[in-house]
Amino acid sequence: MTRIAAVRCAFPPHRYAQSELTDMAARVCLPENGDRRLLDRLHRSARVDYRNLALPIEQYEKLNGFGAANDAFVSVAVDLGLESVKAALDAAGLEPTDVDLIMFTSVTGVAAPSIDARLAAALGLRPDVKRVPVFGLGCVAGAAGIARIHDYLRGWPDHVAVLLSVELCSLTVQRGDSSPANLVASALFGDGAAAVVACGDGRATTRPTGSPADGPTDGPTDGPTGGPTGGPTGGPTGGPTDGPTVVATRSHLYPGSEHVMGWRVRDTGFQVMLDASVPEVVRRYLADDVHGLLSDHGVTADEVTAWVCHPGGPKVLEAVSDTLGLPEGALDVTWRSLAANGNLSSSSVLHVLGDTLATRRPEPGSWGLIIAMGPGFCSELVLIRW
């Protein structure tokens, strides 16, 4: 089985309280002297305390046009990708030359050559490394990425695969757009990156003495200097000998839901498409998918000790908890991630996974479930076991 050897996260250094970001959104999104009551209400109800931005806050009012935003995306994505992949490989006790496959995912910028290609030489990856850049999966891509590298490692069990997600959502917020969807995006989404190192079951790894994976969690749980992963580089998540294995995955595209979430591509860049029906779609479909996957492997929901859920927003998390009948506190790690960092699109569920591995040491044989949803509208489930 695929073993998750390490997860490491990275944030751009520009970190702000939600109140500062609300004021910025008013200046950027609303007409001059416009009514900001809806904006203020949406920002208060997002349950986000802090977020990191790709650029200093004062630069957003000057950022004009898709080209300028995308140039910033490429530059910052390379920096965060280097930081998170280097840290994850080190934690896993592996060298860049050990990597056989790198998958890169983002939905907040485009690049050709892709970001993974731009990272290859800087990281020291082999020239024959397999690369899979992915665009369009959005928030679901963190879980889907783990599922797809699991598929690859089943065929190549002696290989090492890296999943890298970089999402710079702040660069997509539309200037002069006071639509509810754009205001929700300005309230909820943040910027960050995450890297996952996974090994096939034929690959032996050895954690080096003194690896960061041996250390304690090293940072505050909130506040201006970092989120629950302990600051810009993320907290320890365990090494290759104690990470969970991927047991099974499940994907589901929901019919007639293409309008629920995604982008409209405009001259000004990516305009968010975010329908109010998202929580209802979750309530309608998710429980059957989750219980079906668990049942196929003789597992009940009561046996799942780690619910690793993408922090899609308060209403989505309430819908997940209600429809699955989760006990109180089951999604605490996800709620803390939402408060500390906002919704980081595809990176978010990987941050929650990293926080889960950093703060819990489940008994051998314990079950976990990774859950994410995104454009399509769709869900991706990954069943894991320690």
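UniProt, in an unreviewed entry, places the feature "active site" at C139. UniProt positions follow the numbering used here, feature names are shortened, and annotations may be inferred rather than shown by experiment. The model is predicted: local features need pLDDT of at least 70, side-chain atom pairs count only at pLDDT 80 or more, and totals for chains, interfaces and linings use all residues. Residues are numbered from 1 along each chain as its sequence is written, and side-chain values use heavy atoms, with hydrogens and water left out.

C139 sits in the loop between β5 (130–135) and α5 (141–155). Helices (H or I, at least four residues) and strands (E, at least two) are DSSP runs, numbered from the N terminus. C139 counts as buried because its relative accessibility is 6%. Buried means under 20% relative accessible area, exposed over 50%, and partly exposed in between (1.4 Å probe, protein chains only). Neighbours within four places in sequence aside, C139 contacts F189, H310, N343, S345, S346, A372, M373, G374 and P375. Contact means heavy atoms within 4.5 Å.

The unreviewed UniProt entry also carries the annotation "domain: Chalcone/stilbene synthase N-terminal", which covers residues 4–199. Over residues 4–199 the chain is 41% helix and 23% strand. The end C-alpha atoms of this stretch are 7 Å apart. Y50 lies in strand β3 (residues 50–53). With a relative accessible area of 21%, Y50 is partly exposed. Y50 and D201 are 151 residues apart in sequence and 39 Å apart in space, C-alpha to C-alpha.

Cavities and pockets were located on a 1 Å grid over the protein atoms alone. A cavity is a set of points where a 1.4 Å probe fits but cannot get out. A pocket is an open set with protein on both sides within 12 Å along at least five of seven lines. Lining residues have an atom within 4 Å of a point. Grid points are joined across faces, edges and corners, and a volume is the space filled by probe spheres set on the points.

The structure holds one cavity of 30 Å³ or more. The largest cavity has a volume of about 60 Å³. Its lining consists of F66, A69, N70, F73, T108, G109, L171, T172, Q174, T268, G269 and F270. Two or more of these residues come from each of α3 (66–92) and β10 (269–274). α3 gives the most, with four residues. By class, the lining has five nonpolar, seven polar and no charged residues. Ala, Val, Leu, Ile, Met, Phe, Trp, Tyr, Cys and Pro count as nonpolar, Asp, Glu, Lys and Arg as charged, and the others, Gly among them, as polar. The largest cavity lies between domain 1 (2–199) and domain 2 (245–385), because both give residues to its lining. Domain bounds come from an automatic or database domain assignment.

The largest pocket holds about 670 Å³ of space. It is lined by 27 residues, of which V184, L188, L274, A276 and K315 lie nearest its centre. α6 (180–188) is one of the elements that supply at least two lining residues. The largest share, five residues, comes from α6. The lining has 18 nonpolar, five polar and four charged residues. Domain 1 and domain 2 each supply at least three residues.

The second largest pocket has a volume of about 310 Å³. Of its 24 lining residues, S170, L171, V173, Q174 and R175 lie nearest the centre. α1 (18–29), β3, α3 and α6 each supply at least two residues. α1 gives the most, with five.
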